[in-house]
Amino acid sequence: MMIQSLKVMGFILAMFFVASTVHAQGQVPVKILSDHMEYVQESSTVVFTGSVHVDREDFQIWSDKLTVFMAASGEQAGPSLGPDGSQDIEKLLAEGNVRIERENQTGTSSKATYWTKRGVVVMEGNPVLKDGQSSISGEVITYHLQDNRGVVEGGQRQRVQAVFMAPAGPAAP
């Protein structure tokens with residue numbers, strides 16, 4: 001009974017760290033909704049499945065599955081804690097029917113990895129990034145949130161394709 005209580009307490013603490021809304025220096029709240037959640041202490045991960053929705057003040061993610069990887073704490077056995085006692089999130093891995101929205105931009109793919117400290121999103125599996133009526137696609141799209149900059153890579157399976165809206169009328173000589 002004592003071991004079961006400790007497991008439940010560990011699970012509750014892990015969820016508190018993931019869903020923490022405390023604003024520490026350099027941190028923003030991340031709210032995650034899903035049908036199911038599983039905490040895996042050995043790998044310092046939390047896996048959300050079923051209609052997953054990540055809500056952060058600067059973007060949102062929807063997917064079938066989301067794995068939250070907690071930052072390693074160096075040589076210690078447990079995950080690291082932030083300055084306010086909250087656990088640091090290293091990355092989010094969204095899989096299945098991934099959609100990301102930020103301002104007027106929407107990205108879709110089968111897999112997306114968000115590296116929290118670097119502010120970088122890597123989209124794979126038929127990724128498409130739309131900005132209004134313009135769009136770009138390729139094999140891999142890497143998007144740098146802080147710089148509002150993207151890199152699109154083509155490959156053997158899919159070349160880079162860009163569609164931009166141009167003014168109507170005669171072309172300039």
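Arg102 is located in strand E5, which spans residues 89–102; strands (E, at least two residues) and helices (H or I, at least four) are DSSP runs numbered from the N terminus. The model is predicted, so that local features need pLDDT of at least 70 and side-chain atom pairs count only at pLDDT 80 or more, whereas totals for chains, interfaces and linings use all residues. Residues are numbered from 1 along each chain as its sequence is written, and side-chain values use heavy atoms, with hydrogens and water left out.

Arg102 is buried but takes part in no salt bridge. Buried denotes under 20% relative accessible area, exposed over 50%, and partly exposed the range in between (1.4 Å probe, protein chains only). A salt bridge requires a side-chain nitrogen of Lys or Arg within 4 Å of a carboxyl oxygen of Asp or Glu. For Arg102, the nearest side chain of opposite charge is that of Glu103, 4.3 Å away; in this assignment Lys and Arg count as positive and Asp and Glu as negative, while His and the chain ends are not counted. The side chain of Arg102 is instead joined to that of Tyr143 by a polar contact of 3.5 Å (a pair of N or O atoms within 3.5 Å; within protein, one must be able to donate a hydrogen and the other to accept it, and residues adjacent in sequence count only if both atoms are side-chain atoms). With neighbours within four places in sequence left aside, Arg102 is in contact (heavy atoms within 4.5 Å) with Asp58, Phe59, Tyr143, Leu145 and Asn148.

Arg102 and Tyr143 also belong to the lining of the largest cavity, as do Phe59 and Leu145. A cavity is a set of points, on a 1 Å grid over the protein atoms alone, where a 1.4 Å probe fits but cannot get out, and lining residues have an atom within 4 Å of a point. At least two lining residues of the largest cavity come from each of E5, strand E6 (105–115) and strand E7 (120–124), with E6 giving the most, three residues.

Six salt bridges are found in the whole structure. One is formed by Asp88 and Lys117, with the closest N and O atoms 3.9 Å apart. This pair links distant parts of the chain, 29 residues apart, with Asp88 in the loop between strand E4 (59–70) and E5 and Lys117 in the loop between E6 and E7. Asp88 is buried at 14% relative accessible area, whereas Lys117 is exposed at 64%. Another salt bridge joins the side chains of Glu124 and Lys111 (3.8 Å, N to O). Because Glu124 lies in strand E7 and Lys111 in strand E6, this pair ties together parts that are 13 residues apart in sequence. Both residues are partly exposed, Glu124 at 28% relative accessibility and Lys111 at 33%.

Strand E7 also contains Val122, which is buried at 18% relative accessibility. Residues up to four places away in sequence not being counted, Val122 touches Lys111, Ala112, Thr113, Trp115, Val140, Ile141 and Thr142. Val122 and His144 are separated by 22 residues in sequence and by 8.9 Å in space, C-alpha to C-alpha.

Key. 1 Å grid on protein atoms, 1.4 Å probe; cavity = no way out; pocket = protein on both sides within 12 Å on 5 of 7 lines; lining within 4 Å.
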